Amino acid sequence: MFGAIRRRFANGGFSSSILRQSLQATRLAPSSASRVSDEILIHARGFEHVREFSCLVSLRGRAISSRPVREAVSNMEHASSKRTWSRPFSSDTGVLLTRLYEFPSFVYYMLPWDLVDAVVPFMGESITDGTLAKFLKNPGDSVEVDEPIAQIETDKVTIDVASPEAGVIKEYIAKEGDTVEPGTKIAVISKSGEGVAHVAPSESISKKAAPEQSASEMKDEKKKPKVEASPVPAKPKAPAPPPPKRSATEPQLPPKERERRVPMTRLRKRVATRLKDSQNTFAMLTTFNEVDMTNLMKLRSDYKDAFAEKHGVKLGLMSGFIKAAVSGLQNQPIINAVIDGDDIIYRDYVDISIAVGTPKGLVVPVIRNADKMNFAEIEKEINTLAKKANDGTISIDEMAGGSFTISNGGVYGSLLSTPIINPPQSAILGMHSIVSRPMVVGGNVVPRPMMYIALTYDHRLIDGREAVFFLRRIKDVVEDPRRLLLDA
């Protein structure tokens with residue numbers, strides 16, 4: 001039987017009527033089905049909707065009756081609008097074969113190739129999740145490739161979620177405030193932009209959350225006749241009990257309406273955790289000194305124009321203190337070391353961390369190899385990192401590491417403070433505001449611009465002697481910058 005079918009197929013003369021007659025007259029037992037190949041190619045011609053059509057019938061060791069085959073053939077004759085997947089078949093006749101998979105009624109559904117997903121990117125080695133802070137676009141807005149559409153707030157930095165393709169935002173999957181992980185889908189982008197309406201993110205999410213039966217319920221309510229409710233007699237209200245008398249010692253608290261509760265940002269929570277861990281881990285001690293800023297300020301005033309013209313950046317006081325800190329760390333290497341278990345790790349490099357306050361919290365970018373940089377290179381790096389920190393575009397790599405930290409609270413007007421160590425470092429230098437105070441110089445009392453400086457250090461590793469010598473070195477270099485040239 002099947003040999004005849006194959007011969008007819010090879011000769012190209014196989015009509016649909018002959019196919020039905022042959023199949024109706026044939027019933028396969030399971031034993032005979034197991035002896036033939038798993039798939040039998042049946043070629044049918046004469047269908048009105050296609051010129052040449054082929055179907056693969058799967059036996060899989062089961063008996064095939066004539067009724068399912070007749071139904072399949074009948075369905076194929078009337079399925080002119082049904083989609084199939086075609087591929088060329090290697091034969092001399094070059095017949096185009098079409099494979100029908102086992103879908104109900106041989107119907108294929110087209111996959112939405114037009115849609116792409118926007119997912120949360122990799123956020124760093126030590127970051128496992130983040131909070132979806134806000135959407136930068138609304139559903140229906142057009143986006144370009146790699147254009148930011150949302151912001152993810154992590155413990156350290158704010159990361160943008162970029163659009164993988166150019167198109168139109170179809171919908172948002174996640175909501176603002178959700179905790180997301182790398183690879184989480186947050187939006188669907190339509191490359192063609194068809195079927196997308198302009199709605200706000202909150203509206204699109206609320207529509208998805210609404211029950212699907214709301215439309216049917218509204219129809220049922222319209223069908224029901226309205227019945228006027230009879231007025232119910234109002235019950236007389238019981239007299240309100242008198243307010244309890246407050247005792248004389250009970251405090252008068254403000255009403256809750258005058259308070260606002262705002263969730264902490266992930267960055268703020270991370271800073272709080274690190275600072276508390278620092279307090280619990282280190283044996284912190286702070287020593288102070290004061291610096292006469294006359295010579296450094298005069299140096300800046302004399303050369304600021306020439307410096308800016310040559311290097312394209314202003315000469316500030318921060319570069320002078322960084323160079324002084326580098327000199328102090330080289331003279332007292334223990335300040336640049338750190339405790340690791342039962343060992344002490346001495347660092348032969350100087351990476352200075354600069355504490356920068358931003359609206360979202362405190363970040364600490366790092367100036368790499370500060371001991372090999374001059375004043376101009378330090379000022380340029382400070383400006384670049386500070387701008388990134390304020391814009392929220394600073395990366396994890398730019399804040400990782402650091403062997404010593406400088407915090408300049410003087411820019412906010414702080415006169416004196418005790419900074420907290422930035423783990424896993426062992427010390428931090430605090431700078432403060434410059435105040436003109438009367439000082440004794442050469443036996444005379446004269447006004448001088450003075451600054452208090454503070455060094456907080458881990459007393460488990462650093463003794464008071466090294467801490468005082470370190471501050472003295474900073475004082476000497478700042479008060480007489482010529483020491484940097486002479487290494488004196």
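This is a predicted model: local features need pLDDT of at least 70, side-chain atom pairs count only at pLDDT 80 or more; totals for chains, interfaces and linings use all residues.

Trainee: How many salt bridges does the structure hold?
Mentor: The structure holds 14 salt bridges. Side chains of opposite charge can pair when their charged atoms come close.

Trainee: Which residue forms a salt bridge with Lys298?
Mentor: Lys298 pairs with Asp302, and their closest N and O atoms are 3.0 Å apart. Both belong to helix H8 (residues 294-311); because they are four residues apart there, about one helical turn separates them.

Trainee: And is Asp302 buried, exposed or partly exposed, that is, which of these?
Mentor: Asp302 counts as partly exposed, at 47% relative accessibility.

Trainee: Where do Lys475 and Glu479 lie?
Mentor: Both lie in helix H11 (residues 464-479), four residues apart, which is about one turn of the helix. Lys475 counts as buried at 13% relative accessibility, whereas Glu479 is partly exposed, with a relative accessible area of 21%.

Trainee: What about Arg465 and Glu466?
Mentor: The side chains of Arg465 and Glu466 also form a salt bridge, at 3.6 Å from N to O. Arg465 has a relative accessible area of 54%, so it is exposed. Glu466 has 16% relative accessibility and therefore counts as buried.

Trainee: Changing topic, how many cavities of 30 Å³ or more are there?
Mentor: There are two cavities of 30 Å³ or more. The second largest cavity has a volume of about 30 Å³.

Trainee: Which residues line the second largest cavity?
Mentor: Its lining consists of Leu296, Gly320, Phe375, Val477, Val478, Pro481 and Leu484. Six of the lining residues are nonpolar, one is polar and none is charged.

Trainee: Which residues form the nonpolar patch on the surface?
Mentor: Phe288, Leu415, Leu416 and Val435 form the patch, and together they have about 330 Å² of accessible area. Val435 is placed in strand S21 (residues 427-441). With a relative accessible area of 30%, Val435 is partly exposed.

Trainee: Last one: is Arg347 buried or exposed?
Mentor: Arg347 is buried, with a relative accessible area of 15%. Arg347 is found in the loop between strand S15 (343-345) and strand S16 (352-354).

Trainee: How far is the C-alpha atom of Arg347 from that of Ser403?
Mentor: The C-alpha atoms of Arg347 and Ser403 are separated by 7.7 Å, while the two residues are 56 residues apart along the chain.

Definitions and conventions. Residues are numbered from 1 along each chain as its sequence is written. Side-chain values use heavy atoms; hydrogens and water are left out. Patches are made of residues with over 30% relative accessible area and no salt bridge: like charges are joined within 9 Å, nonpolar side chains (Val, Leu, Ile, Met, Phe, Trp, Tyr) within 5 Å. Accessible areas come from the Shrake-Rupley method with a 1.4 Å probe; for residues, only the protein chains shown count as cover. A salt bridge is a side-chain nitrogen of Lys or Arg within 4 Å of a carboxyl oxygen of Asp or Glu. Helices (H or I, at least four residues) and strands (E, at least two) are DSSP runs, numbered from the N terminus. Buried means under 20% relative accessible area, exposed over 50%, partly exposed in between (1.4 Å probe, protein chains only). On a 1 Å grid over the protein atoms alone, a cavity is a set of points where a 1.4 Å probe fits but cannot get out, and a pocket is an open set with protein on both sides within 12 Å along at least five of seven lines; lining residues have an atom within 4 Å of a point. Grid points are joined across faces, edges and corners, and a volume is the space filled by probe spheres set on the points. Ala, Val, Leu, Ile, Met, Phe, Trp, Tyr, Cys and Pro count as nonpolar, Asp, Glu, Lys and Arg as charged, and the others, Gly among them, as polar.
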